[in-house]
Amino acid sequence: MQFPRSKKALLGLLSDGHFHSGAELARTLGVSRTAIWHLIHELEALGLELSAVTGKGYRLSQTLELLSEESIVSFLSEPAQALASRLEIHDELDSTNSHLTRQAGAGGAVCLAEFQSAGRGRVGRIWLSPFGGNICLSVSWHFDDHAVISGLSLAVGVAVVRALGQAGVAGIGLKWPNDILWCGRKLGGILLEVSGEAHGRHAVVIGIGLNLYISPGGGQAIDQAWTDLTQITGGVLPSRNRLIALVLNELLPMLSDYGQVGLRALLDEWRSYHCLDGEPVTLHQGERRIRGRVAGVNDAGLLLLDCEDGERRQFASGDVRLRADVL
Ligand code: BTN
């Protein structure tokens with residue numbers, strides 16, 4: 001969904017983070033000052049932090065780099081361009097994953113949104129992201145063999161860490177199955193959904209969320225330890241459009257090979273990023289709680305836990321939490 005022209009133009013003007021008077025905004029957009037006032041409230045409802053100062057006007061607390069197809073494509077490698085069947089950019093969607101799931105089109109569709117009104121995380125969680133402050137990216141892909149999908153989220157994690165490294169963001173870790181962490185705090189996550197079967201092929205939607213900037217107010221609504229690239233880089237953010245292209249440059253060729261090579265080629269690298277090896281954890285599987293110590297992952301990407309009864313068991317799903325009682 002795209003915003004009306006005036007709302008989009010207002011965002012463009014305010015994206016520089018400088019003050020703009022109501023009169024100037026109204027004149028440039030060809031609307032009344034009351035209309036500007038209403039639009040400012042609509043922007044606030046999207047999670048944007050604005051200040052209004054008498055005599056100065058309105059200002060965004062943070063500069064915004066709006067999504068740009070032209071810019072993303074300019075940073076895409078040739079293989080990634082060839083593998084992307086379509087690139088959609090929306091001002092607002094319920095969820096980029098839900099959008100691609102409804103489309104059931106060809107694999108290689110790439111969908112981005114500035115804002116998700118019903119962003120989804122793993123295990124039924126809500127995924128919050130203010131307008132323009134995150135990367136909300138989904139890619140659809142098809143696989144012949146359902147079995148290979150089990151390790152896919154680990155492979156996607158490797159692609160994201162590599163892309164962040166190329167953008168100059170070092171020290172990123174992964175938490176099984178697919179949390180993207182920095183210093184134990186969540187920078188992003190991956191939501192993989194098998195969206196159906198067509199002509200014997202399994203359609204998968206891969207959703208990636210990465211925090212670029214979350215305001216202190218916005219962060220209060222997040223129910224786990226979080227971070228964003230602004231904190232990690234001390235405010236020297238990599239270009240959002242370039243970072244998206246870097247993720248796609250890693251992700252699309254990886255997906256194209258994955259049906260043949262599976263997780264094998266990426267496992268050692270994934271293990272080198274894993275943050276929880278040897279740690280005491282509780283695995284949450286719905287109402288079930290399993291306590292143990294992490295013993296890495298097996299070759300299929302299943303979590304290995306040395307459980308309290310002395311048995312080593314493997315798990316395909318769940319939410320791993322560090323155990324505070326032994327820290
Ligand atoms: C997690 O819980 O760690 C997974 C978060 C995944 C969020 C992304 S944002 C883009 C895509 N669309 C969604 O609704 N969710 C994923």
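Let me start with Arg122, where a backbone N or O atom lies 2.7 Å from an oxygen atom of the ligand, and please keep in mind that what we are looking at is a predicted model. Taken alone, the ligand exposes 420 Å², and of that area the protein buries 99%. The space that the ligand takes up is the largest cavity.

Two side chains also come into the picture here. In total, 20 residues surround the ligand, and the closest are Ser95, Gln116, Arg120, Arg122 and Lys186.

Which elements supply at least two residues each to the shell around the ligand? They are helix 6, residues 96–103, together with strand 5 (134–143), strand 8 (185–198) and strand 9 (201–211). Strand 8 gives the most to this shell, with 4 residues.

Let me now turn to Glu250, which has its place in helix 10, spanning residues 240–261. Is Glu250 buried or exposed? Glu250 counts as buried because its relative accessible area is 17%, and the cut-off for that word is under 20%. Its side chain makes a polar contact with the side chain of Gln166, at 2.8 Å. If we leave aside the neighbours within four places in sequence, the residues in contact with Glu250 are Ala159, Arg162, Ala163 and, once again, Gln166.

How values were computed:
Residues are numbered from 1 along each chain as its sequence is written. This is a predicted model: local features need pLDDT of at least 70, side-chain atom pairs count only at pLDDT 80 or more; totals for chains, interfaces and linings use all residues. Side-chain values use heavy atoms; hydrogens and water are left out. Buried means under 20% relative accessible area, exposed over 50%, partly exposed in between (1.4 Å probe, protein chains only). A polar contact is a pair of N or O atoms within 3.5 Å; within protein, one must be able to donate a hydrogen and the other to accept it, and residues adjacent in sequence count only if both atoms are side-chain atoms. Contact means heavy atoms within 4.5 Å. A residue is near a molecule or strand if one of its heavy atoms lies within 4 Å of it. Accessible areas come from the Shrake-Rupley method with a 1.4 Å probe; for residues, only the protein chains shown count as cover. On a 1 Å grid over the protein atoms alone, a cavity is a set of points where a 1.4 Å probe fits but cannot get out, and a pocket is an open set with protein on both sides within 12 Å along at least five of seven lines; lining residues have an atom within 4 Å of a point. A molecule sits in a cavity or pocket if more than half of its atoms lie within 2 Å of its grid points.
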